[in-house]
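Let me put the structure up, and then I'll walk you through a few spots in it.

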Amino acid sequence: MTRIAILGAGITGVTSAYALAQLGYQVTVYDRQRYPAMETSYANGGQLSASNAEVWNSAATLVKGLKWMFRRDAPLLLNPAFSLHKYGWLARFMRHIPDHERNTIATTRLAIDARAHLFEMAQTEGIDFDLERRGILHIYHDQASFEAARRGNTLMQRGGLERHAVTAAEARAIEPALRAPCHGAFYTPSDSTGDIHKFTRGLALACARRGVLFQQDCTVLGVKDEGGAHAVQWRDADGHVDQASHDAVVICAGPASQALAATLGDHVPVYPVKGYSITVHLDQQDDAAAAPRVSLLDEAAKIVTSRLGARFRVAGTAEFNGYNKDIRADRIEPLVQWTRRHFPGIATQRVVPWCGLRPMTPDMMPVVRRGCRAGVYYNTGHGHLGWTLSAATAPLLASLVAAEQPPA
């Protein structure tokens, strides 16, 4: 049986493990955390959102970034301190502005395809992840921003997405808990939300039932070439160093993918873009009625919401500040204040803050490809759409591996 090592036990690594195990591979997943889905796949915004497929590469994004640079509560924040990694990534980001249309359409199609795969996995394995299939409303507060969004909407429609404009009154009819005034919205009824952490943990258990081995709480030290095989070296929590040989290795390591790729002779231009969220526990008697069930995206604030059972997830912001996982109070406070302003009936006495590093590529497209060394593969760089896209990129990765290394 062909042995595959997967580096990373987030949503991308676990979906890849599941797809490969289905084909009959002997899979081992390595991760530095004690459990799967403990980093970027822990508490994101929750949206399974083909409607958020428009890539960021545009002049408008650059203008907003410059305008917001000195606002500590800005939706997009760039630490101006010099870093070759950061400024090199930004230079490549700007070079991909001409690809905006093509990449938006391609991402939309991939996101639509991912839905069927994800729902099939959840149904087959009986995974409960607080799924809400009520669509997503993108809210705009003025006519200028609403009209500017039409171009992106047209591109996503060309990608096959059912998404249409609605009036402020129609938006409130779709989500009665929405009381704040708005100019209009775009509604995507086929989008949904769910708890990425619950799904990934449930799928990891399904993988284990299919024979996948999870080597958790270990730090991967490197991958050595052993005459065509790949020896993964790691150090466990007690400091002991060990290694195991595999026929192929798949890098699904999120922001750490770039450093791992460099040791394998590959360049994977991933930058860690920090995002924040709060989870509001709906403990009080009237909280459930006051919290929306339809997922929202406030375009001006760049804030998204998801209803996750008895919890309300509010997430947003993009921070270019390197491999920094500090939870800053001045970045969390706008999320709390937004919740209080738009949904004053929700008690915010029990709020859990979180931050994670999104693995962003300069063209905003996931990396699913071979490495320069035989038996090395990549499924990484999904950025803010890892939850949305990974169910589609995992079978693509599995097909790539199967074409070169049959499972038996």
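**Helix 7 and its surroundings**

Let's start with what sits around helix 7: its buried residues pack against helix 1 (11-22), helix 4, strand 9 (213-215) and helix 11. Before going on, this is a predicted model, where local features need pLDDT of at least 70 and side-chain atom pairs count only at pLDDT 80 or more, while totals for chains, interfaces and linings use all residues. Residues are numbered from 1 along each chain as its sequence is written, and side-chain values use heavy atoms, with hydrogens and water left out.

Helices (H or I, at least four residues) and strands (E, at least two) are DSSP runs, numbered from the N terminus. Contact means heavy atoms within 4.5 Å. Buried means under 20% relative accessible area, exposed is over 50%, and partly exposed is in between, with a 1.4 Å probe and protein chains only.

Back to helix 7, residues 196-209. Which of its residues are buried? They are Ile196, His197, Phe199, Thr200, Gly202, Leu203, Ala204, Ala206 and Cys207. At the start of helix 7, Asp195 has a side-chain oxygen within 2.9 Å of the backbone nitrogen of His197. After the helix comes Gly211, with a positive phi near 100°.

Tyr42 lies in the loop between strand 2 (26-30) and strand 3 (47-48), and at 34% relative accessibility it counts as partly exposed.

**Helix 4 meets helix 11**

Next up is helix 4, residues 100-125, and helix 11, residues 386-404: they pack at an angle of about 80°, with their axes 7 Å apart. Axes here are lines fitted to C-alpha atoms, for helices over the stretch in contact, and angles run from 0 to 180 degrees between N-to-C directions. So helix 4 and helix 11 are roughly perpendicular to each other; that label covers 65 to 115 degrees, with under 35 roughly parallel, over 145 roughly antiparallel and the rest oblique.

Who meets whom? On the helix 4 side we have, among them, Leu110, His117 and Met121, and on the helix 11 side, residues including Trp387, Leu389 and Pro395.

Helix 4 has 26 residues, which should span 38 Å at 1.5 Å a residue, and its end C-alpha atoms are 37 Å apart, which agrees. Just after it, Gly126 takes a positive phi of about 65°.

Most residues other than glycine have a negative phi. Where does Asp130 sit? It is in the loop between helix 4 and strand 5 (136-140), and its phi is positive, near 55°. At 16% relative accessibility, Asp130 counts as buried. Thr317, found in strand 17 (residues 311-320), also has a positive phi, near 70°. Thr317 counts as buried at 10% relative accessibility.

Last one: His281 lies in strand 14 (residues 271-281). Is His281 buried or exposed? Buried, with a relative accessible area of 19%. Not counting residues up to four places away in sequence, His281 touches Asp287, Ala310, Arg311, Ala347, Arg350 and Val352.

How values were computed: Polar contact = N/O pair within 3.5 Å; in protein donor to acceptor, adjacent residues only side chain to side chain. Expected span 1.5 Å × (residues − 1).
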